[in-house]
Amino acid sequence: WSSDVCSSDLITFVDASGLKETELLGRQDPFVVVRTDCDTKQTSVHTNGGKNPRWGEEKTVKYKGDAS
């Protein structure tokens with residue numbers, strides 16, 4: 001095993017709840033960013049998702065380390 005090898009897993013971004021409200025007018029447009037040593041993935045922006053957005057997106061994310 002080498003620490004320079006990237007493994008990958010499928011991650012499902014389902015939803016978020018109780019986010020802090022950041023907009024004075026209207027509803028916020030949240031998204032998720034995942035950063036690892038090998039990869040950066042972002043969900044789509046949930047337009048007007050507010051404090052309880054839903055994505056239901058799957059992304060394959062690469063990372064250093066063992067998947068077990």
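A disulfide is a pair of cysteine sulfur atoms within 2.5 Å. A search of the whole structure turns up one of them. The model is a predicted one, in which local features need pLDDT of at least 70 and side-chain atom pairs count only at pLDDT 80 or more, while totals for chains, interfaces and linings use all residues. Residues are numbered from 1 along each chain as its sequence is written, and side-chain values use heavy atoms, with hydrogens and water left out.

That disulfide joins Cys 6 and Cys 38, with 1.9 Å between their sulfur atoms. Cys 6 sits in strand 1 (residues 6-15) and Cys 38 in the loop between strand 2 (33-35) and strand 3, so the pair ties together distant parts of the chain, 32 residues apart; strands here are DSSP runs (E, at least two residues), helices are DSSP runs too (H or I, at least four), and both are numbered from the N terminus. The torsion about the S-S bond of Cys 6 and Cys 38 is about -80°, and so the disulfide is left-handed. With a relative accessible area of 37%, Cys 6 is partly exposed. Cys 38 also falls in the partly exposed class, at 24%. On this scale buried means under 20% relative accessible area, exposed means over 50%, and partly exposed is in between (1.4 Å probe, protein chains only).

As for the overall build, the protein has four strands and zero helices, which gives the order β-β-β-β from the N terminus on. Taken along the principal axes, the C-alpha atoms fill a box of roughly 50 × 20 × 15 Å. The radius of gyration is 15 Å, whereas a compact globule of 68 residues would have one near 11 Å; the value is taken over C-alpha atoms, and the globule rule is 2.2 Å times the number of residues to the power 0.38. Of the 68 residues, 22% are buried. Contact means heavy atoms within 4.5 Å. Among contacts between residues at least 6 apart in sequence, 56% join residues at least 24 apart.

Next come the charged pairs. A salt bridge is a side-chain nitrogen of Lys or Arg within 4 Å of a carboxyl oxygen of Asp or Glu, and by this rule there are two. In one of them, Asp 15 pairs with Arg 54, the closest N and O atoms being 3.0 Å apart. This pair also links distant parts of the chain, with Asp 15 in strand 1 and Arg 54 in strand 4, 39 residues apart. Asp 15 is partly exposed at 42% relative accessibility, while Arg 54 is exposed at 55%. Glu 57 and Lys 59 form a salt bridge as well, their closest N and O atoms 3.7 Å apart. Here Glu 57 is buried, at 17%, and Lys 59 is partly exposed, at 23%.

Both Glu 57 and Lys 59 turn up again around Thr 43, whose contacts beyond its neighbours within four places in sequence are Phe 13, Phe 31, Val 32, Trp 55, Glu 57 and Lys 59. Thr 43 lies in the loop between strand 3 (40-42) and strand 4 (54-64), yet this residue is buried, with a relative accessible area of 3%. Its side chain reaches the backbone nitrogen of Val 32 at 2.9 Å. A polar contact of 3.4 Å joins the side chains of Thr 43 and Trp 55; the term covers a pair of N or O atoms within 3.5 Å, where, within protein, one must be able to donate a hydrogen and the other to accept it, and residues adjacent in sequence count only if both atoms are side-chain atoms.
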